[in-house]
Every structure is written in C-alpha cells, then in structure tokens.
Amino acid sequence: MTSYYRRLTVGPTVLNIPVQPPTKSKLPVFPPRRPYNNIIQSSFGITLRSRKCWRVEATVRSAGRSEGGDGAKKVGPGPGQGPGPCSYSVEDRTVEVGSKRDRTVEVAVAVAVTVVLGVGNRVLYKLALVPLKHYPFFLAQLATFGYVLVYFSVMYLRYHAGIVTHEMLSMPKAPYLVIGLLEALAAATGMAAGAILSGASIPILSQTFLVWQILLSTIFLGRRYRVNQLLGCFLVTVGVVITVASGSSSGHSLKEAGIFWSLMMIVSFLLQATDTVRKEVIFLDAEKRLKGGSVDLFVVNSYGSAFQALFICLLLPFLSKLWGIPFSQLPNYLKDGAACFLNMGGTLSSGCDGAPLLPLLFIIVNMGFNIALLHLLKISSAVVSSLASTFSVPISVYIFTLPLPYLGVASSLPAGFVAGAIILVMGLLIYAWSPSDPSSAIPSPSS
C-alpha cells in the first residue's frame with residue numbers, strides 16, 4: 001500500500017510522518033441504521049469518509065524589543081536560545097500572540113509614570129528655587145554629585161542581590177565616558193545661553209530636541225519613521241510652541257538675545273539628543289554582548305553620572321563664571337548655599353524658608369524622573385521618551401495657574417493654551433496610531 005502525506009513547513013525542522021490514505025474496507029453488511037458522523041453507507045458495505053490530513057508545524061519565537069520606527073527590526077532570541085512563548089512563525093512571517101499587547105501596556109504605563117514625574121520635576125524645581133533663589137548653581141551641583149553617591153549605592157545593593165551581574169560591570173566604559181562628556185557640555189552650553197535668553201524662548205527652542213533625536217536615530221540607528229509618526233512629532237512641537245508662547249513676548253526676547261545665543265541653546269539640545277541616542281546604542285549593544293540580556297539601568301546611570309561629575313569638575317571655572325560667581329569666591333558661595341539648604345538658622349539662612357524639604361523633594365523626584373525616562377528609552381526609543389517628556393510641559397503650565405505654596409500669586413493661562421494642548425494631544429495620538437497591515441494575515445492552506 002502506498003502511503004502519502006501533505007505538510008506545511010512553518011519552522012526550520014519538518015518530520016515526515018506518513019499518513020495512511022483513506023481506503024475502502026469491505027466489512028460484513030449490517031442492517032440499515034442511522035448513519036453516524038464520519039460514516040457513509042453504501043450498497044457494498046460501509047465506507048469510511050475520506051479526510052484530508054494536514055500537518056502544521058510551528059516554531060515559537062520570543063518577540064524581541066522593537067528598535068522603533070517603520071520597518072524596524074525585532075531583536076529576537078540569539079543563536080542557541082530556546083523558543084519563546086509569545087509568537088509563532090508562518091514561513092517568513094512572524095505573528096505575535098501576546099507579546100505585542102503586553103509590550104504596549106508596559107510602554108503606556110511607563111509613559112504615564114514619566115509624564116507624572118516630569119510634571120513634578122518641573123513644578124518642584126521652581127519650588128526648590130524659592131529658598132535657594134540666590135544659590136541655583138549650588139542646587140545644580142548638589143544634584144549632580146548627589147546622584148553619583150545614590151546611583152552607585154543602589155547599584156552596589158543590586159549587585160549583591162544578583163540583579164547586576166559581573167558581565168554588566170565588565171562592559172566597555174568608553175560609551176559611558178562619552179555620555180558624561182555630552183551631558184557636561186550640554187549643561188555648560190545650556191547655562192551659557194540660559195543666562196541670556198529669557199521668557200518662553202527656552203521652551204520654544206527646546207522643541208529642536210525632538211527634531212535632533214529623529215535625525216540622529218535615523219543616522220546612527222537606521223530608523224525609518226512612518227509619515228504619521230513624523231506628522232505627530234511636528235504637531236507636538238507646534239502644540240508646545242502655541243501653548244507656551246501664546247500671549248508672551250518670546251519672539252521679542254529671541255530677537256533681543258541675538259542669533260548667537262539662540263544657536264548656543266540649540267547646540268545644547270543637540271548634545272542632549274546625542275546623549276539619549278548614545279544611551280539607546282548602549283542598550284542595543286548590551287543585548288548582543290549579554291546574549292539577549294540587557295544592562296541594568298543603574299549601571300548606565302552610575303557610570304554616566306560619575307563621568308559627568310568628573311567633567312563638571314573640570315569645567316567649574318567656566319561654569320561659575322557663567323553664573324556670575326568668580327572662581328576664587330566659589331568655596332564661600334558653596335558654603336553659603338549649604339547653610340541655606342540646611343536652614344539651620346542664623347543670618348546665612350534668612351529667607352531660606354522651605355529648605356531643606358523643597359530642595360530634597362526636587363532632587364528625589366528629579367532622580368525618579370531620570371530613571372523613568374531611561375527605563376522608557378530602554379523599552380521603546382529615544383523619540384518616545386522625548387514625546388512623554390514634552391507632554392509634561394503644558395500640564396506644568398496649567399499646574400502653575402493653581403494656588404501653590406511659596407509661589408505667591410498664581411499665573412494665568414496663556415491665551416492659546418487650550419488650542420495648543422489640543423494640537424499636542426492630536427500629535428501624540430497620530431504618532432501612536434499604527435495602521436493595520438493586511439499582509440500580516442496568515443494564509444489558509446489550499447487543498
């Protein structure tokens with residue numbers, strides 16, 4: 001008897017299992033009865049109904065981290081790794097079952113947390129400057145060097161808990177050095193331009209940050225963005241500009257400051273955008289070095305902050321001059337700032353009401369915001385993290401119209417706040433919209 005089979009090749013390995021073809025078997029003739037399923041009576045006896053036997057094999061693959069953009073690759077399991085539970089492949093198509101939905105929920109939660117912490121970061125920074133209004137440079141340095149101590153302490157605890165591994169710590173340190181240098185230079189150029197620019201001009205110029213991120217991720221990461229993503233980013237930028245600049249003299253402020261200082265601020269945001277893209281490169285490189293694993297957030301934050309603090313120390317003479325503090329008087333300035341921060345009484349701490357509570361709250365929330373932003377960058381992309389941070393701007397503008405303690409009279413909403421906020425939300429929705437791909441449907445086998 002000749003055997004035959006049919007198969008659908010869905011994975012790399014196919015086992016050819018013969019299937020006996022349906023045959024007619026002559027059996028003793030029974031009295032007529034009501035036919036059952038799969039049995040057909042005939043004049044020659046009982047014949048089994050023929051079935052076509054299909055054999056489908058599926059190779060399950062874990063859905064990897066999306067590299068963002070249209071046509072982005074999925075980082076799946078490396079060679080030798082077992083199959084994952086979240087997707088299956090039909091020939092050269094990968095169909096995700098639950099991973100895509102889970103990742104979308106994870107990104108949405110991370111975006112919400114980042115927006116909330118971003119709003120708190122902006123509001124608490126202004127509140128922290130109420131007691132330290134004469135010592136903003138001290139607050140900046142306290143945060144910079146305090147982060148090094150906190151991040152390394154947390155990384156030490158996570159190392160002994162087994163979360164941070166020796167392989168993570170043995171990764172090359174040159175990328176972290178580049179990150180520290182970029183952050184220090186971004187702070188220096190931003191302080192220099194910020195001392196001249198005023199009003200709503202800085203939030204307007206900060207929208208170039210998103211443009212730089214799109215360009216840099218296209219160049220260094222090979223990203224390709226869909227039309228709706230580019231349109232969404234453009235609408236977000238327009239919405240923020242309308243929200244912040246309406247009813248203000250930002251245009252006049254930019255004209256008075258001159259083109260040089262505006263370009264200096266744009267360069268600062270270019271350095272910040274390069275920093276975020278470089279961090280994304282570190283995460284992608286870690287997936288290759290750690291064979292599908294990922295480097296811990298606190299490893300990146302610890303080494304990046306350490307190198308940033310190092311370069312800030314080298315730039316202290318230049319930075320102190322930007323703040324109008326002669327370098328020879330910097331020790332006394334830091335001493336007076338510490339006395340005001342501790343608010344221990346005396347002549348030095350007069351007018352420092354709210355310290356140290358408000359500055360400490362700002363530092364804690366700012367640290368949480370940086371961690372949330374880096375986590376969002378890790379699971380999505382630099383552009384998504386930038387959009388989440390940008391969304392906190394109009395919410396912060398609205399919060400400042402409420403009666404907050406220590407701030408006195410609340411500010412009024414800009415004239416175009418509602419229109420700008422609507423445009424911004426539309427931009428976010430358009431960016432997040434994913435058109436359905438009809439080609440991803442699984443074709444049914446032909447008989």
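Modeller: Gladly! This is a predicted model. Let's begin with R289, which has 49% relative accessibility and counts as partly exposed.

Biologist: Why is R289 called partly exposed rather than exposed?

Modeller: Exposed requires over 50% relative accessible area and buried requires under 20%. R289 has 49%, so the residue counts as partly exposed. D285, at 30%, counts as partly exposed too.

Biologist: What makes D285 and R289 a salt bridge?

Modeller: The rule asks for a side-chain nitrogen of Lys or Arg within 4 Å of a carboxyl oxygen of Asp or Glu. Here the N to O distance is 2.6 Å, so the pair of D285 and R289 qualifies. Both residues lie in helix α9, 4 residues apart, about one turn of the helix. An α-helix has 3.6 residues a turn, so residues three or four places apart point the same way.

Biologist: How many salt bridges are counted by this rule?

Modeller: The count comes to 6. One of them joins the side chains of E183 and K279, at 3.2 Å from N to O. E183 is in helix α4 and K279 in helix α9, so this pair ties together parts 96 residues apart in sequence. Both of these residues are buried. Salt bridges that share partners also join E183, D275 and K279 into one network.

Biologist: Which side chain meets E280 in a salt bridge?

Modeller: That is R223, with an N to O distance of 2.5 Å. E280 is in helix α9 and R223 is in the loop between α6 and α7, 57 residues apart, and the pair links distant parts of the chain. E280 and R223 are both buried.

Biologist: Let's turn to the nonpolar side. Which residues touch the most other members of the largest nonpolar core?

Modeller: That core has 52 residues, and F137, Y176, F283, V295, V299, V300 and Y333 touch the most other members. Several helices supply at least two residues each, including α1 (99-128), α2 (136-160), α4 (174-194) and α9 (259-289). The largest share, 8 residues, comes from α10. There is also a second, separate core of 19 residues, which includes Y225, V236, L376 and A388. In soluble globular proteins, nonpolar side chains tend to be buried together.

Biologist: Which residues is Y333 in contact with, leaving aside its neighbours within four places in sequence?

Modeller: They are H134, Y135, P136, F137, F138 and I325.

Biologist: And what makes the nonpolar surface patch?

Modeller: V211, L215, I219 and F220 make a patch of about 420 Å². F220 sits in helix α6 (residues 208-220). Its relative accessible area is 54%, and the cut-off for exposed is over 50%, so F220 is exposed.

Biologist: How do you know that the length of α14 agrees with its number of residues?

Modeller: At 1.5 Å a residue, the 18 residues of α14 should span 26 Å, and its end C-alpha atoms are 26 Å apart, which agrees.

Biologist: What about the backbone: which residues does a cis peptide bond join?

Modeller: It joins A355 and P356, with omega at about 0°. P356 lies in the loop between α12 (330-342) and α13 (357-379). Y406 also deserves a look: its phi is near 75°, a positive value in a residue other than glycine. Y406 lies in the loop between α14 (382-399) and α15 (417-432). At 48% relative accessibility, Y406 counts as partly exposed. Most residues other than glycine have a negative phi, and most peptide bonds are trans.

Biologist: To finish, how many helices and strands are there in the chain?

Modeller: There are 15 helices and 7 strands. Of the 447 residues, 40% count as buried. The chain exposes about 24,800 Å², with carbon and sulfur atoms supplying 66% of it.

Methods:
Residues are numbered from 1 along each chain as its sequence is written. This is a predicted model: local features need pLDDT of at least 70, side-chain atom pairs count only at pLDDT 80 or more; totals for chains, interfaces and linings use all residues. Side-chain values use heavy atoms; hydrogens and water are left out. Buried means under 20% relative accessible area, exposed over 50%, partly exposed in between (1.4 Å probe, protein chains only). Accessible areas come from the Shrake-Rupley method with a 1.4 Å probe; for residues, only the protein chains shown count as cover. Patches are made of residues with over 30% relative accessible area and no salt bridge: like charges are joined within 9 Å, nonpolar side chains (Val, Leu, Ile, Met, Phe, Trp, Tyr) within 5 Å. A nonpolar core is a set of buried Ala, Val, Leu, Ile, Met, Phe, Trp, Tyr and Cys residues joined through side-chain atoms within 4.5 Å. Contact means heavy atoms within 4.5 Å. The expected span of a helix is 1.5 Å times one less than its number of residues.
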